[in-house]
Amino acid sequence: MKNITIPYAIIIGCIIISFSIYFGLTANRFAHIEGKNILDTKKGTIYLLNEKQYILKNGDVYQYE
């Protein structure tokens with residue numbers, strides 16, 4: 001029974017480490033372009049904070065309040 005628990009502990013540890021690396025890399029998701037414009041690097045959306053608009057990757061412009 002002791003021989004089986006060590007591989008399970010290694011597998012669970014690898015899964016926990018891989019999730020923490022994955023979610024740690026998504027923390028730097030937003031980048032400032034110029035002024036008050038922000039780029040969402042994951043979705044490709046550009047947020048224009050001065051005009052309260054955002055532009056999707058396909059070019060659609062939406063207004064928000």
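User: Does tyrosine 62 count as buried, partly exposed or exposed, and what is its relative accessibility?

Analyst: Tyrosine 62 counts as partly exposed, at 36% relative accessibility, where buried means under 20% relative accessible area, exposed over 50%, and partly exposed in between (1.4 Å probe, protein chains only). This is a predicted model, in which local features need pLDDT of at least 70 and side-chain atom pairs count only at pLDDT 80 or more, while totals for chains, interfaces and linings use all residues. Residues are numbered from 1 along each chain as its sequence is written, and side-chain values use heavy atoms, with hydrogens and water left out.

User: How is an aromatic pair read, and how many does a search of the whole structure find?

Analyst: A pair of aromatic rings is described by the distance of the centres and the angle of the planes. Rings of Phe, Tyr and Trp (its six-membered ring) pair if their centres lie within 6.5 Å, and planes under 30 degrees apart count as stacked, over 60 as edge-to-face and the rest as tilted. The search of the whole structure finds three such pairs, one of which joins tyrosine 54 and tyrosine 62 in a stacked arrangement, at 5.4 Å centre to centre and with 25 degrees between the planes.

User: Why is the pair of tyrosine 54 and tyrosine 64 tilted?

Analyst: The ring centres of tyrosine 54 and tyrosine 64 are 6.3 Å apart and the planes stand at 35 degrees, so this pair is tilted. Tyrosine 54 lies in strand β4 (residues 53-55) and tyrosine 64 in the segment after β5 (61-63), so the pair ties together parts that are ten residues apart in sequence; strands here are DSSP runs (E, at least two residues), numbered from the N terminus, as are helices (H or I, at least four). Tyrosine 54 is partly exposed at a relative accessible area of 25%, and tyrosine 64 is partly exposed at 28%. Tyr47, Tyr54, Tyr62 and Tyr64 form one aromatic cluster.

User: Where is asparagine 58 found, and what does its side chain reach?

Analyst: Asparagine 58 is found in the loop between β4 and β5 and counts as exposed at 59% relative accessibility. The side chain of asparagine 58 reaches the backbone nitrogen of aspartate 60 at 3.2 Å. Along the chain, asparagine 58 and glycine 44 are 14 residues apart, and their C-alpha atoms are separated by 8.9 Å.

Conventions: Polar contact = N/O pair within 3.5 Å; in protein donor to acceptor, adjacent residues only side chain to side chain.
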